[in-house]
Amino acid sequence: MKNLSKTLLSAALIAFTGTTAFAQDKNTGVIDYEVNAKMPSRGGGGGDEEAEDRVITLNQHFYFSSGKGKLETDRPDFAGGGGRGGNRPQGAPDGPPPGGGDGQGPRQGGGFRGRGPRMFGMFGNAYVDLANKKYIQIFTKPSDSTKTYFAEEDFTAPKDVKLTDKTKKIAGYNCKKATLTLRDETYTVWYTQELPFSYSPVNGLLPEGSGVVLAAESSNRSFTAKKVDLKPVDAAKISLPANAEKVSEEQLRDIRREEMQKFRGRQNGN
């Protein structure tokens, strides 16, 4: 009986130790962000007064594991009942292309015109090479679903960084406060260095070049991590499609611009 009790106790300790060890594995999991963004108004209905910008709220989920990551965005219904909720279909024309460009997306649903710094995946999905600090934008041609392309962009350093000694906890992690400038827009950023990788929902918001941004706010948008859930993530979920062809940022912009023109042509034809 004593030997049986010792065996059961040993098994319980092993199971507990294994669970505890995984709980300390900060290399795999998901960060749930809430995003608020101002959307420029399309006009005041013919009056002289300018209509106020709309504020939309959406949720993002950043999955990470073994040096890779993927950002998925729950797309709100811009049309106000047009049935466009849920994740945006992969490759559908979306917001500003990587590498700059004119920063304008197609007017789908209620329509939107992007402005300010591009947000990888804000209106769709994006991948991140955490090991090499690169954002990866992917695009599948709506006119030919067999054609998928991707382009990489290095993490960029922010400007006018001002570090502070202020700290607070966000989603259970100790965060430092900093202010910085990105494309003439001032951000207040809260970032943690308690996770073993670097990441920000917006390229250029890492104050010290390392850490994970759990909250950021400007006059036009904000990101706040509501939860960091350390758990196994399927490698297939964060891997690029097998048929994806690597192109330059300029080439990807040209491909997307061509598809946008086709999209607008179909709209005008209806």
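**Close-up views**

**View 1. A salt bridge joins Glu185 and Arg221, with 3.0 Å between the closest N and O atoms.** The two residues belong to distant parts of the chain, 36 residues apart: Glu185 is in strand 10 (residues 185-192) and Arg221 is in strand 12. A salt bridge here is a side-chain nitrogen of Lys or Arg within 4 Å of a carboxyl oxygen of Asp or Glu. The model is predicted: local features need pLDDT of at least 70, side-chain atom pairs count only at pLDDT 80 or more, and totals for chains, interfaces and linings use all residues. Residues are numbered from 1 along each chain as its sequence is written, and side-chain values use heavy atoms, with hydrogens and water left out. Glu185 counts as buried at 8% relative accessibility, and Arg221 is buried too, with a relative accessible area of 5%. Buried means under 20% relative accessible area, exposed means over 50%, and partly exposed is in between (1.4 Å probe, protein chains only).

**View 2. The salt bridge of Lys237 with Glu72 has its closest N and O atoms 3.2 Å apart.** Lys237 sits in the loop between strand 12 (221-230) and strand 13 (245-246), while Glu72 sits in strand 3 (residues 68-75), so the pair ties together parts that are 165 residues apart in sequence. Strands (E, at least two residues) and helices (H or I, at least four) are DSSP runs, numbered from the N terminus. Lys237 is partly exposed, with a relative accessible area of 30%, whereas Glu72, at 11%, counts as buried.

**View 3. Asp154 and Lys134 meet through their side chains in a salt bridge (2.5 Å, N to O).** Asp154 belongs to strand 7 and Lys134 to strand 6, so this pair ties together parts that are 20 residues apart in sequence. Asp154 is partly exposed, with a relative accessible area of 43%. Lys134 also counts as partly exposed, at 21% relative accessibility. In total, the structure holds 10 salt bridges.

**View 4. Lys141 is buried yet has no salt bridge.** Lys141 is found in the loop between strand 6 and strand 7. Its nearest side chain of opposite charge is Glu259, 4.4 Å away. For charge, Lys and Arg count as positive and Asp and Glu as negative, while His and the chain ends are not counted. Leaving out residues up to four places away in sequence, Lys141 touches Lys147, Tyr149, Ile255 and Glu259. Touching, or contact, means heavy atoms within 4.5 Å.

**View 5. Helix 2 (residues 249-269) has 21 residues and reaches 30 Å from its first C-alpha to its last.** This is close to the 30 Å expected at 1.5 Å a residue; the expected span is 1.5 Å times one less than the number of residues. The buried residues of helix 2 are Leu252, Arg253, Ile255, Arg256, Glu259, Met260 and Phe263. Seen down the helix axis, these buried residues fall within an arc of 165 degrees, so they line one face of helix 2. The arc is that of the directions from the helix axis to the C-beta atoms. An α-helix has 3.6 residues a turn, so residues three or four places apart point the same way. Strand 6 (134-140) and strand 7 (148-154) are among the parts that cover the buried residues of helix 2. On the other side of helix 2, Glu250, Gln261, Asn268 and Gly269 are exposed.
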